Amino acid sequence: MDNTINSILLWTAPKIQKDVVDWIFTFNGWNLDNGSNIRVVQSNHDDIWTIDFDTYDTPLQDGGGVLGKYYRKKQIQLILSVKADTPDAFNDLIDEIKYQTSKTEWKLKIIINWIVRERTATCTSLKFNRKNYNVTRVPNVALTFTCVNPHSQLEDPESANFISQTWSFQSSVIYQGRAETYPKLFVTMDSGSSTWMRFELNWYVIEINTSLTAGDIIIFDGETKSVTVNDVQVVYSWPFTPLNYGENIYSVHNDWNYSWSLSYFIKYL
């Protein structure tokens, strides 16, 4: 408490923090915080949820320990404050919130630092926590989304395009995302014919041994872990590896002319 001696205040209570986090949330294009009658007062989207370990089969095998960790599906819970001018308008607003959040597997977008980060999400719980005296306002509506993909990403992918290369081409990507991301390589055969093609990322080689001719389109898809030639899946030699934070070296190899594009999403933990 404050004590005053000889008109001097010996202790002053700290000021209340008045800064407000600037979040913007939308689901399926519908604003979950419109700045007036629906406000997001709390969110746990920054939390990292369940992580599973891949460990050695026996404790003494190769020294034991953890081989790797895997991020599973993530839950994001928003606490909303909802109000309306009249009881009828309030009931209508509750119905609207139920309807707008009822879509399955739609885009949940959160604007952070004025940049949109998106996830594919489904509303798995909506609790209004309404009492008999909540006639025109409820301060703690709990809205929970479950996201199958554990990491958020930018709306549009980054890409690098190269036209009419021959034999081998090597370059690098400076990846700024904090979560790993799997790229896609799109290759078009410009001329000639070949029986192989190789894609190398951070010294891991994925090679196919398939007849290729001018006009063929080859896709090395790290997202689906597949390689296709003209939309037909083909056998490849090595598992896909992701882009990691920092510099990543990649290269494309073939003995005829080809054009290609490397595409990837920046992802966040």
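This is a short talk on one predicted protein model, from the whole chain down to single contacts.

Some ground rules. The model is predicted, so local features need pLDDT of at least 70 and side-chain atom pairs count only at pLDDT 80 or more, while totals for chains, interfaces and linings use all residues. Residues are numbered from 1 along each chain as its sequence is written, and side-chain values use heavy atoms, with hydrogens and water left out.

I will start with the chain as a whole. Its secondary structure comes to one helix and 23 strands. Both are DSSP runs, numbered from the N terminus: helices are H or I with at least four residues, strands are E with at least two. The chain has 269 residues, and 39% of them count as buried. Buried means under 20% relative accessible area, exposed means over 50%, and partly exposed is in between, using a 1.4 Å probe and protein chains only. The chain exposes about 16,000 Å², and carbon and sulfur atoms supply 51% of that. Accessible areas come from the Shrake-Rupley method with a 1.4 Å probe; for residues, only the protein chains shown count as cover.

Now contacts, meaning heavy atoms within 4.5 Å. Take the contacts with a separation of 6 or more: residues 24 or more positions apart account for 69% of them.

Next, the inside. A nonpolar core is a set of buried Ala, Val, Leu, Ile, Met, Phe, Trp, Tyr and Cys residues joined through side-chain atoms within 4.5 Å. Which residues have the most contacts inside the largest core? They are I218 and F220, in a core of 27 residues. Among the elements that give two or more residues to this core are β13, β14, β19 (217-221) and β22 (246-264). The largest share, six residues, comes from β22. As for F220, its contacts beyond four places in sequence include L185, M197, F199, I206 and F240. Apart from this core lies another, of 26 residues, with F25, V82, I112 and L143 among them.

Look at β14 next. One face is covered, with L185, V187 and M189, and the other is uncovered, with K184, F186 and T188. Strands pair if DSSP finds at least two bridges between them. β14 pairs with β19 in the antiparallel sense over five bridges, and K184 stands opposite D221 there. β14 also pairs with β22, again antiparallel, over six bridges. In that pairing, L185 stands opposite L262.

Y182 counts as partly exposed because its relative accessibility is 24%. Not counting residues up to four places away in sequence, Y182 touches G222, E223, K225, F240, T241 and P242. Y182 and N244 are 62 residues apart in sequence, but 9.1 Å apart in space, C-alpha to C-alpha.

On to salt bridges. The term means a side-chain nitrogen of Lys or Arg within 4 Å of a carboxyl oxygen of Asp or Glu. How many are there in the whole structure? The search finds seven, and I will go through some of them.

K184 forms one with D221, the closest N and O atoms being 3.7 Å apart. K184 lies in β14 and D221 in β19, so the pair ties together parts that are 37 residues apart in sequence. K184 is partly exposed at 28% relative accessibility, whereas D221 is buried at 11%.

E155 and K109 meet in another, at 2.7 Å, N to O. E155 is in the loop between β12 (152-154) and β13, and K109 is in strand β9 (residues 106-112), so this pair ties together parts 46 residues apart in sequence.

R39, in strand β5 (residues 38-43), forms a salt bridge with D33, the closest N and O atoms being 2.6 Å apart. Is R39 buried or partly exposed? It counts as partly exposed, because its relative accessibility is 36%. D33, at 11%, counts as buried. R39 also touches I79, L80 and S81.

Last, the surface. I48, I51, F53, V66 and L269 form a nonpolar patch with about 450 Å² of accessible area together. Patches are made of residues with over 30% relative accessible area and no salt bridge; like charges are joined within 9 Å, and nonpolar side chains (Val, Leu, Ile, Met, Phe, Trp, Tyr) within 5 Å. L269 is found in the segment after β23 (267-268), and counts as partly exposed at 39% relative accessibility.
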